[in-house]
Amino acid sequence: MSEPAVAAEISRRFDHALVDEYQDTNRLQAEILLVLRPDGSGLTVVGDDAQSIYSFRAAAVRNILHFPGSVSPPAAVIALERNYRSTQPILAAANAVIAGGERFAKTLYSTKESAELPYLVSAEDEAVQASYVADHVLEYRETGIALKRQAVLFRAAHHSDLLEIELGRRNIPFVKYGGLKFLEASHVKDVLAILRWAENPRDAVAGLRAIQLHPGIGPATARNVIDRLSHEGFAATALARFRPPAAAFAAWPGFCRMIKHLRDVGTPWTGQIDQAREWYQPQLERLYDYAAARAGDLDQLEQIAAGYVTRERFLTELTLDPPDASGAEAGRPQLDEDYLILSTIHSAKGQEWDAVFVLNLVDGCIPSDMASGRPEQIDEERRLLYVAMTRAREHLHLLQPLRFYFTHQHRHDRGHVMAPRSRFLPDEVLGLFTRRTAAPNCAADAMPLRPTVPVDISARLRAMWN
């Protein structure tokens, strides 16, 4: 198209050029289009600048914002403001959120009236947030809204980690789009395999995975180790007598010490994941790309583990699949015809659900702290929240955890930071929401039960024989 003669020949072949989703075009595509129709004759583009959220794919929102003046004479702008999806209260809140950015002036409206305002929910922390979502997902299901007509949206894939654990604990099936399920990520399964083998030395599946984390050890060698251990009663000391391949010499002694320590009944549960990670970190860096990002998942695993009294309870409630059964990729669940949708906001564009929950409405998550360096990045983060809110047909819940626990701290510490509400929800728009506080009703499940009156079990058992 940069050759005038060729461009003119191509242009003569078409009477009209019609473009959909113009807000997602990149600069090169816009240049080709404007050379094709420099005077704008027969040219129509359709798009929503408020839904331009793919700059990481080179989409340029200014293509649509500057389109009217990019042709001569200037293009006419027709605003399509009627929304057929959401109720009017949801649209009123979404209009208020998007009003702060650079955009075409338009106000969405709906003929679907409702007395229910969207909810802005304060939660003590991410665990309470997860419990709130699970509670209300089940409540909506009881009122006739199937799980597949509900969705939980989040800015980044790891924001759903605690929720996935809570859903698993309650046997709520779900499918996740825009990232691996937390428990199906290979590096998470590696650490859990170490803990599972320490908990049950006869767990051959976990043992095979843990042993194969060493360089130079494959399935055949790992099976040989398991067979030799079985002949010695799976004693932890027998592991150290095995002579590994040369490539595994450096890591093997530390692995043996770690397994022996984790199997010691006197070793407290607190800090065991940290001990496993200390040995595993070099293997993580050797086996996987983006080791620093994956280490963040293991930080999250430590935080989740802190809510359980024992290693046995922690591993039991995670209800893991065998590591070699599901690989490292998330897929659709096959055990239930109905399942909850978990999705990043980017993966949710174009979708709609009756009930939508949006996680982590705090600065640093929405907007992401990785996308707040320039005004145009902030504008796109605002549009991202707008897209999330307008996925809801009837019910919308925005959740704000009030604090987040540090991921890098001493194993006995419980330090946290307070999280400010997202800058996209200033005080001026709060009147468009129903304010709620999520009850911290999930913490008790993780606490040991202590009887208020001492019971002499031995005496009762002896009395049974009298």
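This is a predicted model: local features need pLDDT of at least 70, side-chain atom pairs count only at pLDDT 80 or more; totals for chains, interfaces and linings use all residues.
Step 1. Helices (H or I, at least four residues) and strands (E, at least two) are DSSP runs, numbered from the N terminus. Step 2. On that numbering, P367 sits in the loop between strand 7 (353-358) and helix 18. Step 3.

Residues are numbered from 1 along each chain as its sequence is written, and side-chain values use heavy atoms, with hydrogens and water left out.

**Exercise 1. Work out how helix 5 and helix 18 are arranged.**

Step 1. Step 2. The axes of helix 5 (residues 88-98) and helix 18 (residues 375-389) come within 9 Å and cross at roughly 175°. Step 3. Angles under 35 degrees count as roughly parallel, over 145 as roughly antiparallel, 65 to 115 as roughly perpendicular and the rest as oblique. Helix 5 and helix 18 are therefore roughly antiparallel. Step 4. Now find the contact (heavy atoms within 4.5 Å): helix 5 supplies I90, A93, A94, V97 and I98, and helix 18 supplies R382, R383, L385, Y386 and M389.

**Exercise 2. Describe the surroundings of S86.**

Step 1. Step 2. Buried means under 20% relative accessible area, exposed over 50%, and partly exposed in between (1.4 Å probe, protein chains only). With a relative accessible area of 0%, S86 is buried. Step 3. Leaving aside neighbours within four places in sequence, S86 contacts L91, S110, K112, T390, A392 and R393. Step 4. Compare sequence and space: S86 and E394 are 308 residues apart along the chain, and their C-alpha atoms are separated by 6.3 Å.

**Exercise 3. Explore the largest nonpolar core and helix 8.**

Step 1. A nonpolar core is a set of buried Ala, Val, Leu, Ile, Met, Phe, Trp, Tyr and Cys residues joined through side-chain atoms within 4.5 Å. Step 2. The largest has 50 residues, of which I194, W197, I211, L239, W252, F255 and F314 touch the most other members. Step 3. Helix 8 (residues 186-199) gives the most to this core, with eight residues. Step 4. Because 13 of the 14 residues of helix 8 are buried, the helix is largely enclosed by the rest of the structure.

**Exercise 4. Compare E21 and F234: is each buried or partly exposed?**

Step 1. E21 lies in the loop between strand 1 (17-19) and helix 2 (27-36), and F234 in the loop between helix 10 (219-231) and helix 11 (236-239). Step 2. Phi is near 50° for E21, a positive value in a residue other than glycine; phi of F234 is near 60°, again positive in a residue other than glycine. Step 3. E21 counts as partly exposed, at 38% relative accessibility, whereas F234 counts as buried, at 15%.

Key: Axes are lines fitted to C-alpha atoms, for helices over the stretch in contact, and angles run from 0 to 180 degrees between N-to-C directions.
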